[in-house]
Amino acid sequence: MDKMNRGIVTSLSAIGIAQALKIVTHKKLTGVWDWKQAFTTGGMPSSHSAGVSALASYVAANKGARHTETALAVVFGTIVMYDAQGIRRHTGEIAQLVNDLEDSFVSISGDFPSMTFVKREKELKELLGHQPIEVFGGALFGVVLGLISAKIENDERRNKKRAQKRLATGYRTQ
């Protein structure tokens, strides 16, 4: 993994694992295995939160809390998480209201033959954002994954330096 950006790999891994975890949490809530959950927005845990939290904690563990890169990751991560549980969630709630309103128009139009209403073939997608607990769950998962990734990287660096030191001292004694 020397040639790869571990921060990107960590963040994308957090997103992928969080998406896969949605299958498990959906099963726990509904009793039904639904593999489509891995490709949906919304749900527990928030993959957006997991990804940005993994990156922020990874950067903080490697660069320190006072580093500019940590500040960038934390600020942009906070914006993403706020958007996921705020604006996107409210958009989903509005979509639900519009879908319900359309259903009402369909039933009313049957009572009034002169009223013509054509129902859309597809309803608006309602599950767009996250409840605060879903954002928190994703963030918590992301922080843990980011810290584990940073620890693994730091251990690898330490072991590599030790090996280089042993090689260097071994060559001098011969």
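Reader: How many aromatic pairs does the structure hold?

Author: The structure holds 1 aromatic pair. This is a predicted model: local features need pLDDT of at least 70, side-chain atom pairs count only at pLDDT 80 or more, and totals for chains, interfaces and linings use all residues. Residues are numbered from 1 along each chain as its sequence is written, and side-chain values use heavy atoms, leaving out hydrogens and water.

Reader: How is a pair of aromatic rings described?

Author: By the distance of the centres and the angle of the planes. Rings of Phe, Tyr and Trp (its six-membered ring) pair if their centres lie within 6.5 Å; planes under 30 degrees apart count as stacked, over 60 as edge-to-face and the rest as tilted. Here tryptophan 33 and tryptophan 35 are stacked, 5.7 Å centre to centre, with 10° between the planes.

Reader: Is tryptophan 35 buried or exposed?

Author: Buried means under 20% relative accessible area, exposed over 50%, partly exposed in between (1.4 Å probe, protein chains only). Tryptophan 35 has 58% relative accessibility, so it counts as exposed. Tryptophan 33, at 48%, counts as partly exposed.

Reader: Where does methionine 44 lie?

Author: In the loop between α1 (6-30) and α2. Helices are DSSP runs (H or I, at least four residues), as are strands (E, at least two), numbered from the N terminus. Methionine 44 is partly exposed, at 27%. Methionine 44 and glutamate 134 are 90 residues apart in sequence, yet 4.8 Å apart in space, C-alpha to C-alpha. Contact means heavy atoms within 4.5 Å. Beyond neighbours within four places in sequence, methionine 44 is in contact with Leu21, Lys22, Thr25, Ile133, Glu134 and Gly137.
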